[in-house]
Amino acid sequence: SSQFWLRHCSQQAECRSAVHFCQQHAMSRFNISELLQRVAQTGTPLLAGVGVLAGGGYLASNAVYTIEAGHMGVKYSRFGGVGNSVAREGVHFLLPWFERPIVFDVRARPHTMTSLTGSRDLQMVNISLRALCRPDTAKLPDIYRNLGLDFDEKVMPSIVNEVLKSVVAQYNASQLITQRELVSRMIRQRLTQRAADFGILLDDVAITH
């Protein structure tokens, strides 16, 4: 009977130990879940704050652009296309992603072109012309819509060739030499008028050869 009693007591002790282990295990699980819940509650505002700061930094760095001296710009919008307002040199603002700046170099740039054309007496004459051109700043939106930023490269060679042929064809080869000043003045007038049709201003036109 004493052995039976000892065995019974040992089994009870093992049961109490097992129950205590289960309680501690459940308690530890409870503590871990509570800890995770607290981290989530405090971490969500933190992540939101980091997101707001990152978004604000992106907007601040991309919402400002600078136009340097000798340049002017227009804005392109994803909704309305090229705007009609012209921005002068300085600091300007835009809506990131929705708008982007288009900057023009509005300083006069030299263009030298050569054209082989026929005179009135059917002599082939090789004439070289140098022109200083720049965009009409009031027409920058239209220039960009119709020609793009490389407007001068697209327009000047064709209109110079057109004007030279039309003027030279009115004179004999000898007259092109003796009346050089008159020919130069006529070329300048016609080329200036033709360039204005594309929003281009000519500051100087001269026959170099």
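With which residue does Asp-203 form a salt bridge, and how far apart are the closest N and O atoms?

Reply: Asp-203 forms a salt bridge with Arg-134, and the closest N and O atoms are 3.1 Å apart; a salt bridge here is a side-chain nitrogen of Lys or Arg within 4 Å of a carboxyl oxygen of Asp or Glu. Because Asp-203 lies in strand β8 and Arg-134 in strand β7, the pair ties together parts that are 69 residues apart in sequence. Helices (H or I, at least four residues) and strands (E, at least two) are DSSP runs, numbered from the N terminus.

This is a predicted model, in which local features need pLDDT of at least 70 and side-chain atom pairs count only at pLDDT 80 or more, while totals for chains, interfaces and linings use all residues. Residues are numbered from 1 along each chain as its sequence is written, and side-chain values use heavy atoms, with hydrogens and water left out.

Both partners are partly exposed: Asp-203 has a relative accessible area of 42%, and Arg-134 one of 27%. In these terms, buried means under 20% relative accessible area, exposed over 50%, and partly exposed in between (1.4 Å probe, protein chains only).

The strands β7 (124-135) and β8 (200-207) also pack against the buried residues of helix α5, as do α3 (151-168) and α4 (173-178); contact means heavy atoms within 4.5 Å. The buried residues of α5 are Val-183, Ser-184, Met-186, Ile-187, Leu-191 and Ala-195. They cover an arc of only 165 degrees around the axis, which puts them on the same side of α5; the arc is that of the directions from the helix axis to the C-beta atoms. The face turned away from this buried side carries the exposed residues Glu-181 and Gln-193.

Helix α5 covers residues 180-196, and its 17 residues should span 24 Å at 1.5 Å a residue, which agrees with end C-alpha atoms 24 Å apart. The expected span is 1.5 Å times one less than the number of residues.

Glu-162 counts as partly exposed at 41% relative accessibility, and Arg-194 does so at 26%. Salt bridges that share partners join Glu-162, Arg-194 and Asp-197 into one network. A search of the whole structure finds eight salt bridges.
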